[in-house]
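Subject: Structure handover and findings

Hello,

Here is the structure for you to take over. Please open it alongside these notes.

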Amino acid sequence: MPYYLLFKIDGHRQSGIGELMKKIQTVKGSVDPDTLGRTMTHEHLLWDQRCWWPGEPEELSLRAIAHSEITIENLGQIYYHAHLHLDNIQQRSVGLAIDEAMHFRREDGHTLVDVTPIGVGRDPRVIRAVSEATGLHVIMGSGYYISTALSADLRKTEKEKIADTIVREFVEGVRDSGIKPGIIGEIGVSDIENAQELKMLKAAAIAQKMLAIEF
Ligand SMILES: [Zn+2]
């Protein structure tokens, strides 16, 4: 039975889902909140933000910028054209993610929260590999990003079903990985209100209520 129906019929307390959140769920399992220590609350270890890419520019000079690699020489241009530059809106290197997380670990960091949404590069196995390589607790997020990052199927899916997907991740893990998120977010919202993003916000709120997460 879908979790949403279970929630509607039994209420979350009887269904036992609310019992999940007395501990912190990291990608390596539940830990006591007292063990978190110094925590970085908003990070992205791997990401793919091509949903921000404005598309192939008409001007040749800008096209060259879009497809160049990041170097110290073109850093100024990249700051100026941050979303046009394809190498700047993706982070696909597991090694780089580990190296950068180690900087935090060496400065007495203990916990990192990766709030990369579903579909923009969230990668549970890599997130767990970073946790294992660095010794950091890593808490993974769940939820959806801005409307340009949503698939055609997601755009047609109703909010209750979206909420169910989020809850299922908390209870069963992401697909066949068994790796569970520990936080809902981040949820993508653009400057201009749109119906798809509002739906995703509502789905996140429904899932939060079902999971009985308290802030
Ligand atoms: Zn973010």
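First, the ground rules. This is a predicted model: local features need pLDDT of at least 70, side-chain atom pairs count only at pLDDT 80 or more, and totals for chains, interfaces and linings use all residues. Residues are numbered from 1 along each chain as its sequence is written. Helices (H or I, at least four residues) and strands (E, at least two) are DSSP runs, numbered from the N terminus.

Helix pairs

Start with α8 (residues 159–172) and α9 (residues 195–211). Their axes come within 8 Å and cross at roughly 50 degrees. Axes are lines fitted to C-alpha atoms, for helices over the stretch in contact, and angles run from 0 to 180 degrees between N-to-C directions. At that angle α8 is oblique to α9. Under 35 degrees counts as roughly parallel, over 145 as roughly antiparallel, 65 to 115 as roughly perpendicular, and the rest as oblique. The crossing is right-handed, meaning that the near helix is turned clockwise from the far one by less than a right angle.

From α8, the contact is made by K159, E160, I162, A163, I166, V167 and F170. From α9 come K199, M200, K202, A203, A204, I206, A207, M210 and L211. Contact means C-beta atoms, placed from the backbone, within 7 Å. Twelve of these residues are nonpolar, none polar and four charged. Here Ala, Val, Leu, Ile, Met, Phe, Trp, Tyr, Cys and Pro count as nonpolar, Asp, Glu, Lys and Arg as charged, and the others, Gly among them, as polar.

The axes of α5 and α6 come within 10 Å and cross at roughly 45 degrees. This pair is oblique too, and its crossing is right-handed. V94, A97, I98, A101, M102 and R105 of α5 meet V126, A129, V130, A133 and T134 of α6. By class, that contact has nine nonpolar, one polar and one charged residues.

The core

The largest nonpolar core has 38 residues. Such a core is a set of buried Ala, Val, Leu, Ile, Met, Phe, Trp, Tyr and Cys residues joined through C-beta atoms within 7 Å. V138, A163, I166, V167, A203 and A207 touch the most other members. α9 gives the most, with six.

Single residues

L150 sits in the loop between β7 (137–142) and α7 (152–156). L150 is buried, with 23 other C-beta atoms within 10 Å. Buried means 20 or more such atoms, exposed 12 or fewer, and partly exposed in between. Beyond four places in sequence, L150 touches Y144, R155 and Q196.

R155 lies in α7. R155 is exposed, with 11 other C-beta atoms within 10 Å. R155 and Q196 are 41 residues apart in sequence and 6.6 Å apart in space, C-alpha to C-alpha.

Backbone points to check

The G185 to E186 peptide bond is cis, with omega near 0 degrees. E186 is in the loop between β8 (183–184) and α9.

D108, not a glycine, has a positive phi of about 75 degrees. D108 is in the loop between α5 and β6, and counts as exposed with 8 C-beta neighbours inside 10 Å.

R175, also not a glycine, has a positive phi of about 45 degrees. R175 is in the loop between α8 and β8.

Best wishes

How values were computed:
Contact = placed C-beta atoms within 7 Å.
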